[in-house]
Amino acid sequence: TFTGSGASLTALPAAQLTGSLPAISGASLTGLTSAQMPTGSVLQVVSGEIDTNDETSASTGYVNLGVELAITPTLSDSKILIMMSGMCSSDEDENFLYGSLFRDSTEIGEDFFLSSYDESSNNRRIDIWNRVYVDSPATTSAVTYSCRVRVIDGGSYEMGGWWLDVNWTHDTAIVLMEIAG
């Protein structure tokens, strides 16, 4: 049995806690700041759908077709989970579309394959693509993440649409999640 003030107790073994204990209300857990959240906590989510029925042709570098979204991290050691998905199509023979993720003007990650077209198989397909990546921007300033594309081996591609019918579109979705580091 303990008597007196419990203010000086700093380490009480759990085995000594017996009897009826008061319930803790979740209402008392409000008002936590980002800095108080444990590692791995989701601090904020930004999402958007972008109507990107745009065409791009062969190029030596990446082209930004407007598939982008900004987030302002609350902590400099946060991670940003980037999730993007969309569609693309082409009618050109032996055509390949590659994408890459960018943080502002800096390329992050590696090229990823979005689509190809092979006329010999009469495969005029529509490709659905997605990309998931974790970035460490090390800043509390706004950063813009984008998926930029480049066409290899000639021809052109429709990003967010079908080359055969410009009225048939599919938005590109982007979700950015700040995760406590």
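Modeller: Happy to go through this one with you; a strand here is a DSSP run of E with at least two residues, a helice a run of H or I with at least four, and both are numbered from the N terminus. This is a predicted model, in which local features need pLDDT of at least 70, side-chain atom pairs count only at pLDDT 80 or more, and totals for chains, interfaces and linings use all residues. Residues are numbered from 1 along each chain as its sequence is written, and side-chain values use heavy atoms, with hydrogens and water left out.

Colleague: Thanks! In which loop does aspartate 104 lie?

Modeller: β5 covers 95–103 and β6 covers 106–117. Aspartate 104 therefore sits in the loop between β5 and β6.

Colleague: And what is the phi of aspartate 104?

Modeller: Most residues other than glycine have a negative phi. Aspartate 104 is not a glycine, yet its phi is positive, near 55°.

Colleague: Is alanine 138 buried or exposed?

Modeller: Alanine 138 belongs to the loop between β7 (126–135) and β8 (143–152). Buried means under 20% relative accessible area, exposed over 50%, and partly exposed in between, with a 1.4 Å probe and protein chains only. At 59% relative accessibility, alanine 138 is exposed.

Colleague: How many strands does the protein have?

Modeller: From the N terminus on, the elements run β-β-β-β-β-β-β-β-β-β-β-β. With zero helices, the secondary structure comes to 12 strands.

Colleague: What percentage of contacts between residues at least 6 apart in sequence join residues at least 24 apart?

Modeller: A contact means heavy atoms within 4.5 Å. Among the contacts in the protein between residues at least 6 apart, the share joining residues at least 24 apart is 81%.
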